[in-house]
Amino acid sequence: KATNELDLSEPSGTIVYPNTETLTVIKNISAGTITATSSDEDVATVSVSNNNTITITPQPINSTKTATITVTSGATQNYNEITTTYDLTVNQGELEITAVPSKNYEGTYDGNEHGIVVISNPNNATITYLNNGVYTQTAPTFTNASTYTVNYKVELAGYKPETGSQTVTINKATNELDLSEPSGTIVYPETKIITVTKNIGEDL
């Protein structure tokens, strides 16, 4: 039998989860049946179509991983079986993170709750916020005047985890204080009562 020749469109490559990669068999003299296997299916799986196209599908990984893709052209009546390899590197994907509001929140005390909410793309990531030293999925909110830091973490299998923080600043409001009358006269030993008719702030 003659020696077959088998070439791929490239000998190695890097893909970023969840993108797929396509290899083309550019030389297969025998026209033998093409098969492909992955040395680690936890890193990537492979499939063959049209006897010349190999699709590599990365799997969710927690760090950069490598695998070897082995491509085989099966034996025919006149040619021997032959194999070749493709060296694959798979990197974690990048999450797109958006905080709402997009910048640190700052406002004046109004008695309402204020905070930030994080949105990710893809939108099925797990988003947690630091609450009293523990990360939970509840976004903290704040009412009283002060400056607060909101720490968050975004995680999704196959993607690099993302962490960040935003500040929520609530400034003190201007109080309003009115009396029942601006002035008056009393004759000793009489007393007089003045009433506070408006005191928006909490404290006198």
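# Salt bridges, buried residues and a paired strand

Mentor: The side chains of Lys160 and Glu94 meet in a salt bridge, with 3.0 Å from N to O. Keep in mind that this is a predicted model.

Trainee: Why is the meeting of Lys160 and Glu94 called a salt bridge?

Mentor: The cut-off is a Lys or Arg side-chain nitrogen within 4 Å of a carboxyl oxygen of Asp or Glu. Lys160 and Glu94 have N and O at 3.0 Å. That is within 4 Å, so the name applies. In general, side chains of opposite charge can pair when their charged atoms come close.

Trainee: Where in the chain do Lys160 and Glu94 lie?

Mentor: Lys160 sits in the loop between β16 (146–155) and β17 (162–171). Glu94 sits in the loop between β8 (82–91) and β9 (96–100). The two are 66 residues apart, and the pair links distant parts of the chain.

Trainee: What makes Lys160 partly exposed?

Mentor: Its relative accessible area is 35%. Buried needs under 20% and exposed needs over 50%, so Lys160 falls in between. Glu94, at 48%, is partly exposed too.

Trainee: How many salt bridges are found in the whole structure?

Mentor: The search finds 4. One of them joins Lys27 and Glu5, with the closest N and O atoms 3.1 Å apart. Lys27 lies in strand β3 (residues 21–28) and Glu5 in the segment before β1 (6–8), so the pair ties together parts that are 22 residues apart in sequence.

Trainee: How do you know whether Lys27 and Glu5 are buried or partly exposed?

Mentor: Lys27 has 32% relative accessibility. Glu5 has 38%.

Trainee: What makes Glu181 and Lys192 a salt bridge?

Mentor: Their closest N and O atoms are 3.4 Å apart. The limit is 4 Å, so the pair qualifies. Both residues lie in the loop between β18 (177–179) and β19 (196–199), 11 residues apart. Glu181 is partly exposed at 28%, and Lys192 is partly exposed at 39%.

Trainee: Why is His114 called buried?

Mentor: Its relative accessible area is 16%. Buried means under 20%, so His114 qualifies. His114 lies in strand β11 (residues 114–115).

Trainee: Which side chains make polar contacts with the side chain of His114?

Mentor: Tyr105 does, at 3.1 Å. Asp110 does, at 3.0 Å. The limit is 3.5 Å, and both distances are within it. His114 also touches other residues, including Pro140, Phe142 and Val168.

Trainee: Which strand holds Tyr105, and how do its side chains point?

Mentor: Tyr105 belongs to strand β10 (residues 105–108), where the side chains alternate. Tyr105 and Gly107 point to one face and are buried.

Trainee: What makes Leu23 buried?

Mentor: Leu23 has a relative accessible area of 0%. That is under 20%, so Leu23 is buried. Leu23 lies in strand β3 and touches Leu8, Ser9, Asn52, Ile54 and Tyr86, among others. Leu23 and Ser9 are 14 residues apart in sequence, yet their C-alpha atoms are 6.0 Å apart in space.

Definitions and conventions:
Residues numbered from 1 in each chain as written. Predicted model: local features only at pLDDT ≥ 70, side-chain atom pairs only at ≥ 80, totals over all residues. Heavy atoms only, no water. Helix = DSSP H or I, 4+ residues; strand = E, 2+ residues; numbered from the N terminus. Buried < 20%, exposed > 50% of the residue type's maximum accessible area, 1.4 Å probe, protein only. Polar contact = N/O pair within 3.5 Å; in protein donor to acceptor, adjacent residues only side chain to side chain. Contact = heavy atoms within 4.5 Å. Lists of a residue's contacts leave out its neighbours within four places in sequence.
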